[in-house]
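Have the sequence and the model side by side as you read.

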Amino acid sequence: MLSAWLASFFKAATPAPAFDAPLGQITLAQSQLRTAPSKAAPLTLGQLQRWLFEADSRDPQQILAFIEAKTSHLTHEGQHKVLALAQRYIAYKAALFELADGKYEAQFTAESLQRQLQQRHQLQHQFFTDEQVESLFGEQHQQDYAAIERLQLRQDSQLSDTERWRLVEAQIQQQPVATQQAFEPSIQIRNLSHQINRGGTISRDQLVSEFGEQTGERLAQTLDSQQRWQVQLTDAKQQLEAISGITNSADRQQAIDELINTFEPHQRRRAQALLGLLDGSVQ
């Protein structure tokens, strides 16, 4: 059930004919959209979301008053259409919140997420015409289903890790340029991790060439630190085997303490855990 304010909100709703105007006919001055001032552009989901954020209010009437002020440069008809659409969008957001309030499945699978998206799409059609749904949410729908496809690939137990990643990367390459660019750092990091796990070595120059000077330098320092840690841990395990042969418990404990103290202070607790020494002694 919609909240009380939402019910009253619909009582003041703008007549349907104005709301049902095609989005292509609802335009804003480009000064409002931060683009070239010589043209007009259709009202977008991003613009609606930005207005709701900038209004900084949970009261629908205050939000509409804010949007009305933002669109005062429009003709009366144009402003009327924008406010009608904004009114519907605010109502949709309230209904979406109630839909999500404890009703979504907690299980994180591609199937459960797809069901959630279908519920959201059905709700969108309750508030908007087909054309408006496509204009406002079409790009978001494409991104959502692409994300589900990638999740299905990552959760496919019949594929090896290499096969899953190869298919995910191929799917990303089919996405718009902006999406590919957004995933590029993740792909680079994943390839780097894969090379390291296979026992490969990566020089500082390779990292700088791949990630840039600052990021490459930080990665080089991190990898160097991890390698030193791994060598030290391996050496400590070998020493611990020798220490376990000490029969005198006091001498054995002293040797253990000295071994743990060879690690940096912030590494000692982790070293104890990995060496099985959280109780401070060798069993």
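Start at Tyr 92: setting aside neighbours within four places in sequence, Tyr 92 is in contact with Arg 120, Leu 123, Gln 124, Phe 127, Phe 128 and Phe 137. Contact here means heavy atoms within 4.5 Å. Before going on, please note that this is a predicted model, in which local features need pLDDT of at least 70 and side-chain atom pairs count only at pLDDT 80 or more, while totals for chains, interfaces and linings use all residues. Residues are numbered from 1 along each chain as its sequence is written, and side-chain values use heavy atoms, with hydrogens and water left out.

Tyr 92 also belongs to the largest nonpolar core, which has 26 residues; Tyr 92, Phe 128 and Phe 137 are the ones that touch the most other members. A nonpolar core is a set of buried Ala, Val, Leu, Ile, Met, Phe, Trp, Tyr and Cys residues joined through side-chain atoms within 4.5 Å. Buried stands for under 20% relative accessible area, exposed for over 50%, and partly exposed for what lies in between, using a 1.4 Å probe and protein chains only. Which helices supply this core? At least two residues each come from α4, α5 (60-70), α6, α7 and α8, and α6 gives the most, with eleven residues. Apart from this core lies another, of 13 residues, including Ile 256, Leu 259, Ile 260 and Phe 263. As general background, nonpolar side chains tend to be buried together in soluble globular proteins.

Now zoom out to the chain. There are 14 helices and two strands in it; helices (H or I, at least four residues) and strands (E, at least two) are DSSP runs, numbered from the N terminus. Of its 283 residues, 35% count as buried. Among contacts between residues at least 6 apart in sequence, 53% join residues at least 24 apart.

Next, look at how helices pack. Two packed helices are described by the angle between their axes and the distance between the axes. Here the axes are lines fitted to C-alpha atoms, for helices over the stretch in contact, and angles run from 0 to 180 degrees between N-to-C directions. Angles under 35 degrees count as roughly parallel, over 145 as roughly antiparallel, 65 to 115 as roughly perpendicular and the rest as oblique.

Helix α7 (residues 110-127) and helix α8 (residues 130-154) pack at an angle of about 180 degrees, their axes 11 Å apart, which makes α7 roughly antiparallel to α8. Among the residues that make the contact are Leu 113, Leu 117, Arg 120 and Gln 124 of α7, and Val 133, Phe 137, Asp 144 and Ile 148 of α8. By class, the residues of this contact divide into eight nonpolar, eight polar and three charged. For these classes, Ala, Val, Leu, Ile, Met, Phe, Trp, Tyr, Cys and Pro count as nonpolar, Asp, Glu, Lys and Arg as charged, and the others, Gly among them, as polar.

A second pair is formed by helix α12 (residues 213-243) and helix α13 (residues 249-260), whose axes come within 10 Å and cross at roughly 170 degrees. The two are therefore roughly antiparallel to each other. Ala 236, Gln 239, Leu 240 and Ile 243 of α12 meet Arg 252, Ala 255, Ile 256 and Leu 259 of α13. This contact has six nonpolar, one polar and one charged residues.

Finally, turn to helix α4 (residues 45-55), whose buried residues are Leu 45, Gln 47, Leu 48, Trp 51 and Ala 55. Seen down the axis of α4, they fall within an arc of 165 degrees, so they line one face of the helix; the arc is that of the directions from the helix axis to the C-beta atoms.

Two residues of the loop between α4 and α5 deserve a look. Asp 56 is in that loop and has a positive phi of about 50 degrees although it is not a glycine. At 69% relative accessibility, Asp 56 counts as exposed. Ten residues away in sequence, Phe 66 sits 9.5 Å from Asp 56, C-alpha to C-alpha. Phe 66 lies in helix α5 and is partly exposed, with a relative accessible area of 23%. Leaving aside neighbours within four places in sequence, Phe 66 is in contact with Trp 51, Glu 54 and Ala 55.

Asp 59 is also in the loop between α4 and α5 and is partly exposed at 32% relative accessible area. The C-alpha atoms of Asp 59 and Ile 90, 31 residues apart along the chain, are separated by 9.8 Å. Ile 90 lies in helix α6 (residues 76-100) and is buried, with a relative accessible area of 5%.
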